[in-house]
Protein chains: 2
Amino acid sequence: MELLKQRILKDGKSLPGGILKVDNFINHQLDSVLMYQCAEEFVRLFAAQGVTKILTVEASGIAPAVLAGYLAKVPVVFAKKATPKTMDRHYVAKVHSFTKDRDYDILVSKEYLKAGDRILFIDDFLACGNAALGMADLCAQAGATLIGMGFLVEKAFQGGRDKIAARLPGVPVESLAIVTALGDGKIELA
Amino acid sequence: MELLKQRILKDGKSLPGGILKVDNFINHQLDSVLMYQCAEEFVRLFAAQGVTKILTVEASGIAPAVLAGYLAKVPVVFAKKATPKTMDRHYVAKVHSFTKDRDYDILVSKEYLKAGDRILFIDDFLACGNAALGMADLCAQAGATLIGMGFLVEKAFQGGRDKIAARLPGVPVESLAIVTALGDGKIELA
């Protein structure tokens, strides 16, 4: 998506360790108009799949997910990274965070993920694919159908797409901007 | 706001300890259309104030905030509850969480909160007012002007509104639904 690519080139920062800092418009400050345009693109890309629910994970996935949910007129569920004391029965999966270099759990209440749901997973980044596979695990536990995954930014050099293709053959993966290389303050896009 | 009140009466759950569980449409599963309607109401209520930026706190504030940001065509900043390793210089304030009964820090990068900003704070709940006062503290540190606060749900019996009025006289507080009493599975609204 051209608008997002231009914004990454303008305001993204390449940091040591393969980190792309986009906290000017995605991860801390949000460009809500750009996020809306990204959400329109997700809805367009997955329009044929009969999505009944959008799944994301707190916190940076919520903005594009809720905008896509609004446009597609479906509910959005954001997986939690800690068990709220008001959550009774839930599905849980373990995820390794590349950026934070630690494992964490993601949880979804059994009330909000069910057999029969046709789930579109939306998130800010596709890097190693760990959060995406954790989400697929939650869907499998619930018997829900994962119909596709949409990411704002994919870091192609971290192998997430291949890992998803190997574990979830047939599940379409769409990224609105694909970063092919980062380094020395430079950002290369596909 | 009538739609939100009706939804709280239909799907909200009154739990022991003054907790109102609304994870069916706000805190875990999001009704994105209802959130959009709430955002429209926030934008209408604060239209005269010349808002330049919306501030919220991860995670449950993000959905109404980004929708209001989209409608008002202003950026949204969500305060973080942990320091990301990519965040350099930031403002920090301490907040006591009623629901989780513990203290946590909220942080905003100095890059995204500045003197001259006219800030509307949006959040899901107003209870004891601690998160709101922490946000006001961040704005004061930055020299930004807090022009108002909007909440989806206020629990009137926890005193947040009075605490804000005492500490921030003249800052308007708007809640779209006001809960006057909780208990025995019953929810009373103003």
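The crossing of helix α3 of chain A with helix α3 of chain B is right-handed, a word used when the near helix is turned clockwise from the far one by less than a right angle. The contact, meaning heavy atoms within 4.5 Å, is made by A:Ile62, A:Ala63, A:Val66 and A:Leu67 on one side and by B:Ile62, B:Ala63, B:Val66 and B:Leu67 on the other. These residues divide into eight nonpolar, no polar and no charged. This is a predicted model, in which local features need pLDDT of at least 70 and side-chain atom pairs count only at pLDDT 80 or more, while totals for chains, interfaces and linings use all residues. Residues are numbered from 1 along each chain as its sequence is written, and side-chain values use heavy atoms, with hydrogens and water left out.

In both chains α3 covers residues 62-72, and the two axes come within 9 Å and cross at roughly 70°; α3(A) and α3(B) are therefore roughly perpendicular to each other, a label given to angles of 65 to 115 degrees.

Looking at the whole interface, 42 residues of chain A are in contact with 42 residues of chain B. The two chains bury about 3,500 Å² between them, 63% of it on carbon and sulfur atoms, where buried area is the accessible area (1.4 Å probe) lost on putting two parts together, summed over both. A:His28, A:Tyr70 and A:Tyr112 supply 21% of the area that chain A buries against chain B, more than any other three residues.

Between the chains there are also two salt bridges, each a side-chain nitrogen of Lys or Arg within 4 Å of a carboxyl oxygen of Asp or Glu. One of them joins B:Lys13 to A:Glu111, with the closest N and O atoms 3.7 Å apart.

Terms used
Chains lettered and ligands numbered in written order. Axes fitted to C-alpha atoms, helices over the stretch in contact; angles between N-to-C directions. Helix = DSSP H or I, 4+ residues; strand = E, 2+ residues; numbered from the N terminus. Parallel < 35°, antiparallel > 145°, perpendicular 65-115°, else oblique. Nonpolar A, V, L, I, M, F, W, Y, C, P; charged D, E, K, R; others polar.
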